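Please read the points below with the model open beside them. They are numbered so that each can be checked in turn.

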Amino acid sequence: MSAHQSRIGQKRFELLGKPFRRVDARAKVTGQTRFADDLSFPRMAHVKLVRSTAAHANIKHVDCTVAEKMPGVLYILLGDELPVPYGILPVSQDEQTLAIDKVRFVGDPIAAVVALTEDQAHAAALAVKVDYDLLPTIDSVRTALKIPEPRIHDYGDEGNIHKKVSLKFGAVEDGFEQSDLILEDTVFFQGNTHLPIEQHSAVAVPEDEDRITLYSATQTPHYVHRVLARVLQLPASRIRVIACSVGGGFGGKTDPFNHEIVVAYLALKLGRPVKATLTREEVFYCHRGRHPVLMHIRTGFSKDGAMLAQHLRTALDGGGYGSYGVASTFYTGALQTTTYTLPAYRFEAARAFTNKPPCGPKRGHGTPQPRFALEVHLDKAAHKLGIDPAEMRLRNLAPADSVTANWLQLGSIGLGECIEAVVAGSGWKERYGKLPAGRGLGIACGAYLCGAGLPIYWNHMPQSGVQLKLDRSGGVAVFCGQAEIGQGSDSVLAAIVAEVLGISLADVRLCVADTDLTPVDLGSYSSRVTLMVGHAAVQAAERARDMIAKAVGDQLDVPANHLVFAEGRVFQAGDPSAGLDFSDAVIAAEARFGTLGTTGSYIPPRAPGRYRGAGVGPSPTYSYTAAVIETEVDAQTGMYDVKHVWVAHDIGKAINPTLVLGQIEGSVYMGLGEAMMEEQEFRRLPKRLSSALVHKMPSMLEYKSPGFHDMPEITSYLIETNDKNGPFGAKEVGQGPLLPVIPALANAIFDAVGVRVDQVPIHPDLVLKALQAGARGKEARAGPAAFPDIDFGEPIIVDTPEQGGDGRAADDPKARRNSGVGSSAGTMKDRDQALKEKDSASLTTT
Amino acid sequence: MASTLTSSLTTAVLSINGEDRAVVFPVHHTLLEVLREECALTGTKHGCELGECGACAVLVDGEPVLSCLMLAAEASGRTIETVEGLQQDNALHPLQTAFADLGATQCGYCIPGILMVAKGLLVREPDPSDEQIREALAGNLCRCTGYNRIVLAVKWAGAMARGDEWRPADEDFLSTPIPVVSGQ
């Protein structure tokens, strides 16, 4: 650490940790923020997509003869004009811009009508006639297992099973053998969707010849950029993607979408701007939301509540395309080991293709489902063993900085403090198990990534880059590819630069999410921005600070490392009067070094896992959350209210506590929505109407989400662990706090009325069903009966760190078995090696 | 061919944020479409165009109206207020200040509609209870904030507008202090 870094370390933070107003707040409350659909350009034409009304069919013919003659129609685009397939993951390039010969769900786009007005495009789209040759439809994992042919896709592990995973870490059988209690549960987590209030929208504008600019509501402009280059077969250098402020994402705007490619292609073809804004119904068809997952969890416990072995099986209903699904599949098991010590772990998963809108990443990506299963399972174990559920969790916390059985390198862990905070806040010790009938408390925990350890496609380059431009005005321009989706990433970026340079937020201006102008950042997903962009911003700002310090030091004849940057000045430590205003300091540096600019970048440390599948789960560190929920249940009807949520989150270090609280409250809200009511349900139309498998409720009225009246009081606690891998110690908050909410509610309902609902959402009728079963002397439970028989294949066997493994699979010729030597993670040599051996650890991630 | 464009056109003078505007638009277009597309007042948002989400709420004659469900022609001769008219010159309205400082706006997409409904409420009821605020805003969906911070911001704005010094507690900005566990 250089001397001036230590000066900064000694300096009291001027901004960080304080509740400053977010940098985009004024624009957002005055209506000035420009979302994608707010843009319009001279001569702009409008696109309407023609979507499939069949759930699974070969396309026999698309008849545009009437539509193409309708008023205002400029062109009707069909799939064969853009034949190159694409997909967010390199292993799942299975999407077409417009279906060429086959559709895979009701809503799959087939044609794009472009017309002078939106009304004209809409009218003509209705006049496009599609003739289908219907195929059998797959509506669930069970059906996919039963009907391997015809296949929805011609790739995948077998039949209609897209992906299978089978992993075994440590001595699982021995662990079960030594257990005092073995518990098994079958649990179902229904799918649900992001429901951002902003409908997807994209506008493309042709520039000069053969160049195009796309403005879009996307969380991942860089990945959209890559897909456009691939599908349009244009050099990436001729394509500019700008992510507008996103009106809510939650993971729903992280895939490249059909309409984005369509408008880009048509703008170039027609030589005029082209816009597509989706209807709410179409947003439901874009989906990429929470996978429905059926799970079977079996755990061996010692009598004092320690887990000795666990076997988790998950079955994911993936929908019609791959999307992030391979990563989602791994995520239904990857983070099970991050909260409590688990010495032996077996994980098996399968994702089926089904004829529904594709599932993908929603807040918590693949993790809320197994977290629900685990935390409810632990609650049951605690009761069987006669241990307080909060106490049982505290006893078995994973140690900070340890490596888990599945080779995740953990960082700081504030989970113990989180549990203690919610236990104290809720009066747990005095009230748990002792409330009047119908009232109950439940506890649960969770952990989440602070950025995926690997990019979606293999490369040597930084995952985040920041560039600074400083000049004699004293203003600092910050360029970064990150996308503001409402989470406050612009404010984190600006605040970090302002803090390091000791200037005010008003002197920082941002240029973000513009692939022409900003260095690459991979986007707003996997809770990566604060950590990764934060590190890149610190580096760029420190480099600028060092140049300025050198110039000012020479001018004032003070050693550079004695200078402090604060309050808009650069001055000698201990003598604030001996110094310059920041703008004069920049003038000194500009005179000394010429035009000023710096860069910063960030590559996460390499994770220790070396087995196939080890790519999903690693992160520079993990956030931790604990929650207690209080509920009141009416035993006559099963209706319940959530009265209060106490939630404590290990944030590492809060860059802006007000924004952190907003993320916690938003996560609690979204978790409660999933726990209580949200579900993406499908039904078959009657036979006379084609028997198609259709979305049951593609509208905001019928897709139930919590409103103003549904929210309980939330008490939030921030735990600061100052993680060594976080910028200024910071960790994520956008996703983690959702995780414990759902199981905490199920556990609270048990405390209130003594029934288990092993299914999400926890509809009141399920509570009632469980109460009635109990009254009849049966198990007081509602939930799935059984897990299907799935052949997951032979497991990849990996020795755990405790067994002296080196992170490789046992059948890897390089594996060092039981040698007792730890792995050497994180060196560039390892990274090079891993890149060369793409097959050993490679798997895409998100 | 041009007939579908011209036969359905109508004209109106709309009074928006105290300024009269003459507009020409297809007769079936909603107030939402005319505000955004003919007047370039894109502060008013849409989330469903079916009256389900509340993002498009504006005030018409002081009452909250879903602009996606009102034909622009119906708004002729009435006073229309949108988010663009909330600030006075360059000074933010108390609602805007409260939402900005309390972090009650995240992505901000639902916020114009919520601000306008809240403005209508504060005119009717300068000191609303939490329940009155929730009731007034029950037709507005927000996916980011979890609502509670919005309720608090409206309450704070009411206080500011009344000249009352009440403000949210420090813990609403900084988090609740960690409770001390008894016996430790």
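**Notes on the predicted model**

1. Arg43(A) counts as exposed because it has 11 C-beta neighbours inside 10 Å. The cut-offs are these: a residue is buried if 20 or more other C-beta atoms lie within 10 Å of its own, exposed if 12 or fewer, and partly exposed in between, with C-beta atoms placed from the backbone. Arg43(A) is not a glycine, yet its phi is positive, about 65 degrees. The residue sits in the loop between helix 2 (25-30) and strand 1 (45-51) of chain A. Helices (H or I, at least four residues) and strands (E, at least two) are DSSP runs, numbered from the N terminus.

2. On conventions, this is a predicted model, in which local features need pLDDT of at least 70 and side-chain atom pairs count only at pLDDT 80 or more, while totals for chains, interfaces and linings use all residues. Residues are numbered from 1 along each chain as its sequence is written, and chains are lettered from A and ligands numbered from 1 in the order in which they are written.

3. Confidence in chain A comes next. Its mean pLDDT (the predictor's confidence in each residue, from 0 to 100) is 94, and 95% of the residues of chain A reach 70 or more. Residues 1-6 of chain A have pLDDT below 50, and this stretch makes ten contacts in the model beyond near neighbours in sequence. Residues 819-831 of chain A are also below 50, with 19 such contacts. Two residues are in contact if their C-beta atoms, placed from the backbone, lie within 7 Å. Where pLDDT is low, the predicted coordinates should not be read in detail.

4. Tyr147(B) is buried, because 26 other C-beta atoms lie within 10 Å. As background, most residues other than glycine have a negative phi, and most peptide bonds are trans.

5. Two cis peptide bonds in chain A deserve a look. One runs from Glu149(A) to Pro150(A), with omega near -5 degrees; Pro150(A) is in the loop between helix 4 (141-146) and strand 7 (161-169) of chain A. Another runs from Val760(A) to Pro761(A), with omega near 0 degrees. Pro761(A) is in the loop between strand 30 (759-760) and helix 19 (764-775) of chain A.

6. Helix 16 (residues 582-593) of chain A has twelve residues and spans 16 Å from first C-alpha to last, close to the 16 Å expected at 1.5 Å a residue; the expected span is 1.5 Å times one less than the number of residues. Its buried residues are Phe582(A), Ala585(A), Val586(A), Ile587(A), Ala588(A) and Ala589(A). Among the elements covering them are strand 17 (464-470), helix 15 (529-556) and strand 23 (596-602) of chain A, as well as strand 21 (569-572) and strand 22 (575-581) of chain A. After helix 16 of chain A comes Gly594(A), with a positive phi near 85 degrees.

7. Strand 21 and strand 22 of chain A run antiparallel and are joined by four bridges. Two strands pair if DSSP finds at least two bridges between them. Arg569(A) has Asp581(A) in strand 22 as its bridge partner. The hairpin has two residues between the strands, and Gly574(A) there takes a positive phi near 85 degrees.

8. Chain A also holds an open sheet of four strands, in the order 16-24-25-28, with mixed pairing. Strand 16 (439-449) and strand 28 (713-719) of chain A are the edge strands, each pairing on one side only. Strand 16 runs antiparallel to strand 24 (residues 622-633) of chain A, with eleven bridges between them; Leu441(A) is partnered there with Glu630(A).

9. Chain B has seven helices and five strands. Of its 184 residues, 53% count as buried, and its C-alpha trace spans about 85 × 30 × 25 Å along the principal axes.

10. How many residues of chain B are in contact with chain A? There are 48, meeting 53 residues of chain A. Helix 3 (94-101), helix 4 (111-124), helix 6 (148-162) and helix 7 (171-174) of chain B each supply at least two residues to that side of chain B. Helix 3 of chain B gives the largest share, four residues.
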